[in-house]
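Trainee: May we study this structure together, one question at a time?

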Amino acid sequence: MLVMKCSKCSAEAIYYAKYNGLYLCRDHFNEMIEGRVKKEIRKQVEFHGDDVTISVALSGGKDSSVTLFLLHKILGNRKNMKIKAFTVDEGIDGYRPSGLESAKRLCTSLGIDHETISFYDSYGLTLDSIVKTNPVKIPCAYCGPLRRKLINEMADKQDADYVALGLNLDDYSQSILMNVAKGDFDRFIRMSPQTDRKVGLVRRIAPLRTILEKEVVLYAVTNDIPFDSSWCPYYSRAQRNVFREVVNKLSEENPSTKFAILKFFDRVRENITTGHEEVKLKRCKICGAPTERDVCTACSSLQEVNEMMA
Ligand code: SF4
Ligand code: ZN
């Protein structure tokens, strides 16, 4: 078998980065990933000598586990820096329990405080029971807003200045195209990272936004980071699957497509946000959470399900 050498040293390569033509050994692969994540952290987090707390929304899957591991590795020894983690348990049988187990294991090994918040304790319903009540609607359409609300609540409870999400470059390029295809300009502009201060909303960061999904997996494996590799049983019904296929197809032709989509998004947002009128956040009439509407999407989803159950 032909063994390729690292483009930066004489060690054996474990990765070929098609988008820049580099073969990388384990050390140089880690160096590249960590360098890109450091750059994103510098862009997204303000350090002014004040105490900074970052809470990681840790599902136990590869992306959030690598996010926590890298934040701990890069910022863990910094003075005035506190890293915490929490898991949202949506109540998905056969999927979430193993993720939760992995999340706890990683936090114990890194010495990080970990808490759990569940749909059932917060809403009196599991995602499984919601899907049974309304089998027609795509499960992610309920799961997304209900989870986002608990992520904000939990980060707030942990006194976090920032909540870190494990979104990778594949997720980003798919979401950007999804919002374009739906013509949803407001959501496009509001995508994470959101580092402006808004009342009631913890600022969201995404340290892995320039790392490809396959690079996240390889980083987790080469660094022995425990993660849960099971798939959500509702995943096949997610709308983003079409966009995943499209973006992957485009990347076969041009390996830097995902980077190009992200770069395009950043440039548009940079130019637009200055002239774009900010939507004023109100408080949800039912739960008090920050929202653009009178009733937040989580509460209107719950109303919908409760009416169907009645
Ligand atoms: Fe929730 Fe959909 Fe993700 Fe499953 S695939 S965890 S239903 S958002
Ligand atoms: Zn609400």
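Predicted model: local features only at pLDDT ≥ 70, side-chain atom pairs only at ≥ 80, totals over all residues.

Mentor: Residues are numbered from 1 along each chain as its sequence is written, chains are lettered from A and ligands numbered from 1 in the order in which they are written, and side-chain values use heavy atoms, with hydrogens and water left out.

Trainee: What is the geometry of the site of the zinc ion (ligand 2)?

Mentor: Donors are N, O and S atoms within 2.8 Å of the metal (3.2 Å for Na, K and Ca); water is not among the atoms, so sites may look incomplete. Here the SG atoms of Cys284, Cys287, Cys296 and Cys299 lie 2.3 to 2.4 Å from the zinc ion. Four donors count as tetrahedral if all angles lie between 85 and 135 degrees. The angles among the 4 donor atoms are 104 to 114 degrees, and the site is therefore tetrahedral.

Trainee: Are Cys284 and Cys299 buried or exposed?

Mentor: Buried means under 20% relative accessible area, exposed over 50%, and partly exposed in between (1.4 Å probe, protein chains only). By this rule, both Cys284 and Cys299 are buried.

Trainee: How many residues of strand S3 (residues 52–57) are buried?

Mentor: Strands (E, at least two residues) are DSSP runs, numbered from the N terminus. Val52, Ile54 and Val56 point one way from S3, and Thr53, Ser55 and Ala57 point the other way. Strand S3 is largely enclosed by the rest of the structure, because the buried residues number 6 of the 6.

Technical notes
Tetrahedral: all angles 85-135°; square planar, octahedral: opposite > 155°, others 65-115°. Helix = DSSP H or I, 4+ residues; strand = E, 2+ residues; numbered from the N terminus.
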